[in-house]
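The sequence and the model are shown first.

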Amino acid sequence: MSSVDVDHHADILAAAGTTRGYKKVTSEANDDKLLHCPALASLQVISGKWKTRILWLLRERPYHFGELRRTLPGVSAKVLADQIQELERHGLIARQQQSVHGVMHAFYSYTDYGRQLVPVLDALGQWGLEHEKRLAGAE
């Protein structure tokens, strides 16, 4: 679609007073957000085979590395460590240490910033369940 087509489409929607029921995220049809999609930026942070699963588990409580590894069968220690480090780099989770009977134990939990993702993950999870039902009904 050329920029003229996009502008024309935006003009039609504006004249109709609608964005088809969706919240308008971009301010102009040729806005840079169309090239740099905010939703894609969000998905890139949480994408990866194990990141969403790690985040899903941490909603309940903090987890030790070994617990995460046992709960997520099939993930290697290196891949799990890499995925955790990426989530830490983005500020979504943090590693904390706690002394239990004189022995230091490390565990991972959401940061305040990362906890903002919980409702987003809940919504994605609900959509995923509905989508699976829809696909099952199509078969």
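## Helix α3 and its buried side

In this predicted model, helix α3, which spans residues 51–58, has K51, I54, L55, L57 and L58 as buried residues. These residues lie on the same side of α3, because the arc they cover around the axis is only 160 degrees. An α-helix has 3.6 residues a turn, so residues three or four places apart point the same way.

## Overall make-up

Seven helices and two strands are found in the protein. Read from the N terminus, the order of elements is α-α-α-α-α-β-β-α-α. The protein has 139 residues, of which 22% count as buried. Among its contacts with a separation of 6 or more, 41% are between residues 24 or more positions apart.

## The β1–β2 hairpin

Strand β1 covers residues 93–100 and runs antiparallel to β2, with eight bridges joining the two. Together β1 and β2 form a hairpin, and two residues lie between the strands.

H105 belongs to strand β2, residues 103–110. Its bridge partner is Q98. Leaving aside residues up to four places away in sequence, H105 touches H64, Q96, Q97, Q98 and V100. The C-alpha atoms of H105 and F65 are 9.6 Å apart, while the two residues are separated by 40 residues along the chain. H105 is partly exposed, because its relative accessible area of 31% lies between the limits of 20% and 50%.

P62 sits in the loop between α3 and α4, the latter being residues 65–71. With residues up to four places away in sequence not counted, P62 touches E67, F107, Y108 and S109. Its C-alpha atom is 9.8 Å from that of I93, a residue 31 residues away along the chain. P62 counts as partly exposed, its relative accessibility being 37%.

| Residue | Relative accessible area | Class |
|---|---|---|
| H105 | 31% | partly exposed |
| P62 | 37% | partly exposed |

## The second largest pocket

How much space lies in the second largest pocket? The volume is about 230 Å³. The lining of this pocket consists of S42, L43, V45, I46, H90, L92, Y113, Q116, L117 and V120. Helix α2, residues 38–46, gives the most to the lining of the second largest pocket, namely four residues. By residue type, the lining divides into seven nonpolar and three polar residues, with no charged ones.

How values were computed:
Residues are numbered from 1 along each chain as its sequence is written. This is a predicted model: local features need pLDDT of at least 70, side-chain atom pairs count only at pLDDT 80 or more; totals for chains, interfaces and linings use all residues. Side-chain values use heavy atoms; hydrogens and water are left out. Buried means under 20% relative accessible area, exposed over 50%, partly exposed in between (1.4 Å probe, protein chains only). Contact means heavy atoms within 4.5 Å. On a 1 Å grid over the protein atoms alone, a cavity is a set of points where a 1.4 Å probe fits but cannot get out, and a pocket is an open set with protein on both sides within 12 Å along at least five of seven lines; lining residues have an atom within 4 Å of a point. Grid points are joined across faces, edges and corners, and a volume is the space filled by probe spheres set on the points. Ala, Val, Leu, Ile, Met, Phe, Trp, Tyr, Cys and Pro count as nonpolar, Asp, Glu, Lys and Arg as charged, and the others, Gly among them, as polar. Two strands pair if DSSP finds at least two bridges between them. The arc is that of the directions from the helix axis to the C-beta atoms.
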